Amino acid sequence: MGTFAFLIHPLSLEDVARYEPGAKGKGRAIIEKILSWMPVWNTAHISGVRSRATGAEVEGWFITVPLMPEHFVTMPREEVYGRILTGCEMAAELGAQIVGLGAFTGVVGDGGVSIAERSPIPVTTGNSLTVVAAVQSLLRGAHEMEIDPREAVCTVIGATGSIGGAVVRLLGDRVGGMVLVARNRTRLQRFAEEVGSQIAAPVSFTTDVSAGVRQGQLIVTATSSTLEIIQPEDLQPGAVVCEVSLPHDVSRRVAAERPDVLVTEGGNMRVPGEPRFMRVREQGEEFDLGLPPATALACMSETMTLALEGRYENYTLGRGIQLEKLIEIGEMAARHGFELAGLRAFDVAIGAEQLARTREAAKRARLGRAVGGSAGS
Ligand SMILES: NC(=O)c1ccc[n+]([C@@H]2O[C@H](COP(=O)([O-])OP(=O)(O)OC[C@H]3O[C@@H](n4cnc5c(N)ncnc54)[C@H](OP(=O)(O)O)[C@@H]3O)[C@@H](O)[C@H]2O)c1
């Protein structure tokens with residue numbers, strides 16, 4: 001049987017309690033203390049992932065690296081790499097033949113390149129399938145909100161990143177215009193000039209997130225920010241935001257203040273077979289991934305797909321993902337039965353009724369703007 005492991009880490013203090021039930025009900029200071037004592041640990045066993053094409057099954061493990069997003073960017077790099085490598089070594093000892101680097105374990109430093117050089121088993125960030133899922137998710141959102149992508153400006157926040165850069169290339173011939181956003185101006189300008197000659201959409205760029213958000217009817221956000229950077233005031237009436245970043249970039253205020261805006265979590269996929277995520281320490285208890293049943297992140301799904309294919313090789317690493325890889329992993333995942341999960345935002349599913357309300361609110365808000373009203377009113 002094919003085997004895989006995937007490194008996870010808490011994105012918030014609530015996550016720490018979800019991963020480690022002993023932290024439930026404790027105050028912030030105690031949770032932070034618990035976190036600093038925690039070793040890397042084998043958290044969940046995954047079984048029942050079955051290919052729709054071949055009937056083959058794979059099993060795997062979620063291994064927790066007990067660091068919060070801000071630790072990955074503030075702690076000494078070698079210390080962080082050391083923790084991640086402990087996770088890779090544990091994965092190999094458990095029998096995994098490939099390991100996926102979840103969230104900031106795949107972001108820190110050079111996006112998995114250094115880890116892959118030192119890991120006993122092959123490594124992937126899972127970012128290729130994440131890009132494919134994000135683009136599908138954005139286009140589904142545009143369709144639901146009656147936006148023709150060819151007529152729309154698309155803003156990509158985190159455009160110079162591993163995911164953002166590939167999203168720009170994949171969407172570049174399908175949208176009316178592209179606005180690229182990141183903080184480092186030199187890198188952003190260089191990327192805008194390079195990609196501008198390769199895609200059909202006219203390209204502009206800005207280091208001002210608010211200015212970038214204000215220009216886009218369609219927005220993809222894939223940054224390594226640990227703070228919420230997309231605010232309700234900046235969003236166009238009826239905009240669609242595809243949120244890939246973990247932790248989230250979109251302010252929770254958007255849910256309350258912008259009923260006309262459709263936010264979708266861009267990287268969730270339905271897993272084929274009867275997948276079970278079970279806690280290792282608390283025998284018989286399910287591990288709550290914070291997603292609907294039989295659903296995983298696209299980066300996890302990439303790791304599972306590679307195990308189903310028997311492709312035990314370093315797959316997605318670093319920035320500059322090749323288009324061929326996106327096509328290949330998209331086809332492999334679809335063949336095995338991975339599908340885009342249902343629409344979801346702010347940790348809850350978006351039903352047909354809510355979607356209809358959002359569409360109506362968007363029509364009113366766009367009309368309001370056309371006659372001089374303010375966005376979202
Ligand atoms: N949903 C999923 O399945 C899934 C899968 C994998 C990864 N992810 C998440 O996706 C995100 C991106 O991952 P990645 O591997 O593409 O990261 P990456 O290669 O490090 O790229 C991050 C990008 O964000 C930009 N950025 C960082 N902080 C910013 C800020 N405050 N404002 C504007 N731009 C900012 C960076 O450029 P500058 O430094 O120049 O600003 C860069 O362009 C992460 O949050 C990760 O956890 C989600």
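Trainee: Is Thr160 buried or exposed?
Mentor: This is a predicted model, where local features need pLDDT of at least 70, side-chain atom pairs count only at pLDDT 80 or more, and totals for chains, interfaces and linings use all residues. Residues are numbered from 1 along each chain as its sequence is written, and side-chain values use heavy atoms, with hydrogens and water left out. Buried means under 20% relative accessible area, exposed over 50%, partly exposed in between (1.4 Å probe, protein chains only). Thr160 has 14% relative accessibility, so Thr160 counts as buried.

Trainee: Which residues does Thr160 touch, not counting those up to four places away in sequence?
Mentor: A contact means heavy atoms within 4.5 Å. By that rule, Thr160 touches Ala182, Arg187, Leu188, Phe191 and Arg319.

Trainee: Where does Thr160 lie?
Mentor: Helices (H or I, at least four residues) and strands (E, at least two) are DSSP runs, numbered from the N terminus. Thr160 lies in the loop between β6 (153-157) and α8 (162-171).

Trainee: What percentage of the residues in the protein is buried?
Mentor: The protein has 377 residues. Buried residues make up 56%.

Trainee: What is the radius of gyration of the protein?
Mentor: The radius is taken over C-alpha atoms, and the globule rule is 2.2 Å times the number of residues to the power 0.38. With 377 residues, a compact globule would come near 21 Å. The protein agrees with that, at 20 Å.
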